[in-house]
Amino acid sequence: MIYLDNAATTKTAPEVVEAMLPFFGEIYGNPSAIYSMGSAGKKAVNTARRSIASVIGAKQEEIYFTAGGTEADNWALKAAAEACRKKGRHIITTKIEHHAVLHTCRYLEENGFAVTYLDVDGEGLVDPEMLKAAIRPDTVLISVMFANNEIGTLEPVGEIGAIARERGILFHTDAVQAFGQVPIDVEALKIDMLSASAHKLNGPKGVGMLYVRSGLKLGPFVHGGAQERNRRAGTENVPAIVGFGAAAARAAARMEEKGRKERELRDYLIRKIEEQIPYCRLNGHREKRLPGNANISFRFIEGESLLIMLDMRGICASSGSACTSGSLDPSHVLLAMGLEHEEAHGSLRMTLSEENTREEMDEVVEALKAIVTRLREMSPLYEDFVKSGKGA
Ligand code: PLP
């Protein structure tokens with residue numbers, strides 16, 4: 001099997017599993033308990049908190065554990081909007097956010113807030129000048145993702161943070177795809193809230209965190225207990241949190257080496273595809289992108305057919321469209337970048353890990369060449385295109 005879907009989720013690293021195991025076994029005490037087995041759990045949770053904080057230059061007490069990136073996004077947006085309701089009711093975000101942000105914004109629109117969804121350019125970049133122009137006297141919150149999950153484009157977060165801070169507007173960034181993959185410094189980038197999720201960095205699923213800058217008064221999202229300093233009730237998922245901490249420490253230690261390796265493989269893969277398969281285009285910014293992301297549209301092809309045929313050859317990837325989740329709409333991200341429906345439908349996202357090899361990339365290119373040729377032979381659109389002489 002060749003696994004190229006690391007943006008969807010990653011393999012839990014053996015040392016992460018190792019770190020978690022005692023907390024499924026002998027150390028099962030409730031971290032809120034007074035006796036020593038409870039305090040061992042509490043200590044482990046705080047060690048994890050410290051590891052995670054240090055990845056983004058935050059303080060330990062600024063990290064709040066959640067049940068994943070989706071919850072962190074929901075909490076940040078809903079609680080920040082609520083906290084600012086009296087000051088203003090305008091929020092700015094982008095058209096290419098993950099649905100965890102977009103659907104939360106829709107919910108807020110139904111609850112008295114106005115939301116501006118910023119356009120992006122052809123490479124998926126937000127324009128800070130456009131952001132400035134969208135700011136109104138009642139703007140209280142800006143949410144722009146650190147890196148896009150489909151196309152990998154890295155947004156100008158530092159510029160956005162400076163604009164927000166200068167105007168006293170809260171700034172949240174969904175860093176689920178970027179945390180542990182690229183350097184992040186919440187102080188330097190003037191980030192007020194940041195979401196991350198463990199399963200994108202070889203940690204377990206179902207655990208994430210929200211960074212909340214100290215001094216920011218954000219209400220709780222889950223009520224019912226004093227855990228997470230009264231802000232996120234419920235007995236802590238100790239094994240998962242310990243796993244997140246181990247994954248964060250591991251990611252920080254190998255970020256540079258892993259990034260270099262993935263970038264090299266990614267550029268090799270993109271170059272080979274561009275050289276060997278006609279009528280394709282790279283989606284997203286060529287340099288300002290996540291190290292492991294290659295997203296390519298093949299004209300006259302249905303992404304879903306491509307995925308099925310890749311799967312038959314043992315290659316796991318993802319399509320930019322939402323077809324697999326039961327909707328036939330093409331990706332909102334690719335459409336926001338100005339792609340035609342047909343091009344958006346023919347997109348393929350391949351997200352690499354440091355475990356992939358050049359030989360695998362060669363195998364993927366050979367498979368793509370054969371599959372794309374076969375699918376195009378069956379495509380009436382391609383036949384028309386060839387007959388019209390446009391392809392000559
Ligand atoms: N935000 C982004 C950018 C993502 O890519 C994802 C997951 O794919 C999420 C949020 C949701 O994270 P989780 O799966 O931990 O709920």
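Biologist: Over which ring does the charged end of Arg299 sit?

Modeller: This model is predicted. The charged end of Arg299 sits over the ring of Phe385, 5.2 Å from its centre. Likewise, the charged end of Lys78 lies over the Tyr107 ring, at 4.7 Å from the ring centre.

Biologist: How many aromatic pairs does a search of the whole structure find, and how is a pair described?

Modeller: A pair of aromatic rings is described by the distance of the centres and the angle of the planes. The search of the whole structure gives nine aromatic pairs. For Tyr279 and Phe300 the centres are 6.2 Å apart and the planes stand at 85 degrees; the pair is therefore edge-to-face, as the angle is over 60. Tyr279 belongs to the loop between helix 8 and strand 9, and Phe300 to the loop between strand 10 and helix 9, 21 residues apart.

Biologist: Is Phe300 buried or exposed?

Modeller: Phe300 has a relative accessible area of 8% and is buried, because this is under 20%. Tyr279, at 27%, is partly exposed.

Biologist: What geometry do Tyr279 and Phe385 show?

Modeller: Tyr279 and Phe385 form an edge-to-face pair, with 5.1 Å between centres and 85 degrees between planes. Phe385 lies in helix 13, so this pair ties together parts 106 residues apart in sequence. Phe385 is buried at 12% relative accessibility. Tyr279, Phe300, Tyr382 and Phe385 form one aromatic cluster.

Biologist: Which residues lie nearest the centre of the second largest pocket?

Modeller: They are Asn6, Thr10, Glu262, Leu352 and Ser353, among 25 lining residues. The pocket's volume is about 400 Å³. Its lining comprises seven nonpolar, ten polar and eight charged residues, and helix 8 gives the most to it, with three residues.

Note on methods:
Residues are numbered from 1 along each chain as its sequence is written. This is a predicted model: local features need pLDDT of at least 70, side-chain atom pairs count only at pLDDT 80 or more; totals for chains, interfaces and linings use all residues. Side-chain values use heavy atoms; hydrogens and water are left out. On a 1 Å grid over the protein atoms alone, a cavity is a set of points where a 1.4 Å probe fits but cannot get out, and a pocket is an open set with protein on both sides within 12 Å along at least five of seven lines; lining residues have an atom within 4 Å of a point. Grid points are joined across faces, edges and corners, and a volume is the space filled by probe spheres set on the points. Helices (H or I, at least four residues) and strands (E, at least two) are DSSP runs, numbered from the N terminus. Ala, Val, Leu, Ile, Met, Phe, Trp, Tyr, Cys and Pro count as nonpolar, Asp, Glu, Lys and Arg as charged, and the others, Gly among them, as polar. Rings of Phe, Tyr and Trp (its six-membered ring) pair if their centres lie within 6.5 Å; planes under 30 degrees apart count as stacked, over 60 as edge-to-face and the rest as tilted. Buried means under 20% relative accessible area, exposed over 50%, partly exposed in between (1.4 Å probe, protein chains only). A charge sits over a ring if NZ of Lys or CZ of Arg is within 6 Å of the ring centre and within 35 degrees of the ring normal.
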